[in-house]
2 protein chains.
Amino acid sequence: MKRIADSTVRRLSVYLRFLEDSVTRGVQTISSEELARRGGTTSAQVRKDLSFFGSFGKRGLGYPAAELTTSLRDILGLDKEWRVVIIGAGKIGTALAQYHGFRQRGFNIIAVYDADARKVGSKWDDLVVRDIRDVEADVRAEQPDIAVLTVPGEEAQTVAERLVAAGLKAILNFAPVQLQLPADVTVRHVNMAMELEGLSYALTNRDRNGEMS
Amino acid sequence: MKRIADSTVRRLSVYLRFLEDSVTRGVQTISSEELARRGGTTSAQVRKDLSFFGSFGKRGLGYPAAELTTSLRDILGLDKEWRVVIIGAGKIGTALAQYHGFRQRGFNIIAVYDADARKVGSKWDDLVVRDIRDVEADVRAEQPDIAVLTVPGEEAQTVAERLVAAGLKAILNFAPVQLQLPADVTVRHVNMAMELEGLSYALTNRDRNGEMS
DNA sequence: TATAGTTTGTGAAGGAATTCACAAGCCATG
DNA sequence: CATGGCTTGTGAATTCCTTCACAAACTATA
């Protein structure tokens, strides 16, 4: 099978969100046109995206909402539970740890770590903040699948390397640095500064450029 | 001037972060090679990105770090202060409002809004949570440049439309829905669910695909 | 001033992602 | 069961983005 573009996977995620909504509203069938409108893209793009993984629709009718939802969840690997650790119990780490949406979507937060002795031992819900010094041993023992990095930028690279050395293969990085890691580790970046700067650029050059999504 | 790709603007942001670092460390000159290594790209890409905006380097030498930093800040529109409102005083809104990094980078949070009467009136730092019902009037009066949306998904579209009707032209959306807005409004999405699902996909199809950035 | 060693800036080539456009297939109706 | 109206699935065309490759320009050294 061909390599699937990152942009395609992102869109599948968007389609899935809207499909889940539609299913709970009792919708039976959805066209690529509808999916496109709600996903901010074109119907051709929707059909192309789905076609990489199979043939899910009926010509003249559209896609069966419930079945397509299940298929997308399978494709994205959401049919299983993922074990997640959060590294950094600062503002954002705390907000994420307490956000129940993750758990609902199959992302199970099993531990939170911090370097600050004053934070270690404190509790949120059923989680106790652990000492970052134990992270390698814990990762080896508990085999989490994904780490969410919410440490200061200066520490991100070092911490990431420790996680990778302990066997972690997927990182969601909130620190505003580009992590340099082996190619077999998947990294996604969430960079608020970058997004704001993108808006700043767009506002500044509004005349020069057309619209953007 | 040609339309600049979104991906280019994102990379400028990354270059800038590293350049600022370098300048404070006393670095005089940086090559496209160095910039590329730290930005997770290639030297040709760096040179191409910069070339859209002018000629900043010296052949045989590289780029003067301080000057290039200034130029990038200008290009990205960071030479001015931006007025930012946060809509939604939940977990994430709170974390963002208290995060001082924004202010330091020229993004000034001037107000926070929420629909919950119990939250309205409470204070963080020098900010008082305002009632969402006042948001249109306030936006018209205070003319913020950017809105950060951290409301529940169900409300995001409606709230966004109200903001746009009041004249806002740039939105950073944290809700997991694709906003449908006029083309002259710039929207950036931060979608944690999507990023996690991207990791899930990568872990699930590790064999099928190569590495990803 | 000449030469060796770098590194930029940029057309041209190549590759990747999106859009076009239409045949194939399905449903509903009479 | 034939016809009209839709909508999918997909090669081909197109547009967009990245990489290549090299002349031009700079520094350092002798």
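## Two loop residues in chain B

B:Gln143 sits in the loop that links α7 (135-142) and β7 (146-149) of chain B; helices (H or I, at least four residues) and strands (E, at least two) are DSSP runs, numbered from the N terminus. Its phi is near 50 degrees, a positive value in a residue other than glycine. Is B:Gln143 buried or exposed? B:Gln143 is exposed, as 12 other C-beta atoms lie within 10 Å. Here a residue is buried if 20 or more other C-beta atoms lie within 10 Å of its own, exposed if 12 or fewer, and partly exposed in between, with C-beta atoms placed from the backbone.

B:Asp125 can be read alongside it. This residue belongs to the loop between β5 (123-124) and β6 (127-131) of chain B. Phi of B:Asp125 is near 50 degrees, again positive in a residue other than glycine, and B:Asp125 is exposed, with 10 other C-beta atoms within 10 Å.

## About the model

This is a predicted model, in which local features need pLDDT of at least 70, side-chain atom pairs count only at pLDDT 80 or more, and totals for chains, interfaces and linings use all residues. Residues are numbered from 1 along each chain as its sequence is written, while chains are lettered from A and ligands numbered from 1 in the order in which they are written.

## Chain A and its sheet

Chain A has nine helices and nine strands. Its C-alpha trace spans about 60 × 45 × 35 Å along the principal axes, and of its 213 residues, 42% are buried.

Seven strands of chain A form an open sheet with mixed pairing, in the order β5-β6-β4-β3-β7-β8-β9; two strands pair if DSSP finds at least two bridges between them. Why is one side of β5 (123-124) and of β9 (186-189) of chain A left without a neighbour in the sheet? Both stand at the edges, each with a single partner strand, so one side of each has no neighbour there. For β5(A), two bridges join it to β6 (residues 127-131) of chain A, and the two run antiparallel. A:Trp124 stands opposite A:Leu127 in β6(A).

## The nonpolar core

The largest nonpolar core holds 124 residues, and those with the most contacts inside it are A:Leu149, B:Ile87 and B:Leu149. Such a core is a set of buried Ala, Val, Leu, Ile, Met, Phe, Trp, Tyr and Cys residues joined through C-beta atoms within 7 Å.

Leaving aside neighbours within four places in sequence, the residues in contact with B:Ile87 include B:Tyr113, B:Val135, B:Leu149 and B:Val159. Two residues are in contact if their C-beta atoms, placed from the backbone, lie within 7 Å.

## Where the chains meet

Between the chains, 56 residues of chain B are in contact with 56 residues of chain A. On the side of chain B that touches chain A, α9(B) gives the largest share, 13 residues. The residues of that side divide into 28 nonpolar, 13 polar and 15 charged; Ala, Val, Leu, Ile, Met, Phe, Trp, Tyr, Cys and Pro count as nonpolar, Asp, Glu, Lys and Arg as charged, and the others, Gly among them, as polar.

## Around DNA strand D

Which residues are the closest to DNA strand D? Of the 29 residues that surround it, the closest are A:Gly57, A:Arg59, A:Gly60, B:Ala5 and B:Gly60. A residue is near a molecule or strand if its C-beta atom, placed from the backbone, lies within 6 Å of it.

The largest share of the surface near DNA strand D, six residues, comes from α3(A). By type, the residues of this surface are eight nonpolar, 14 polar and seven charged.
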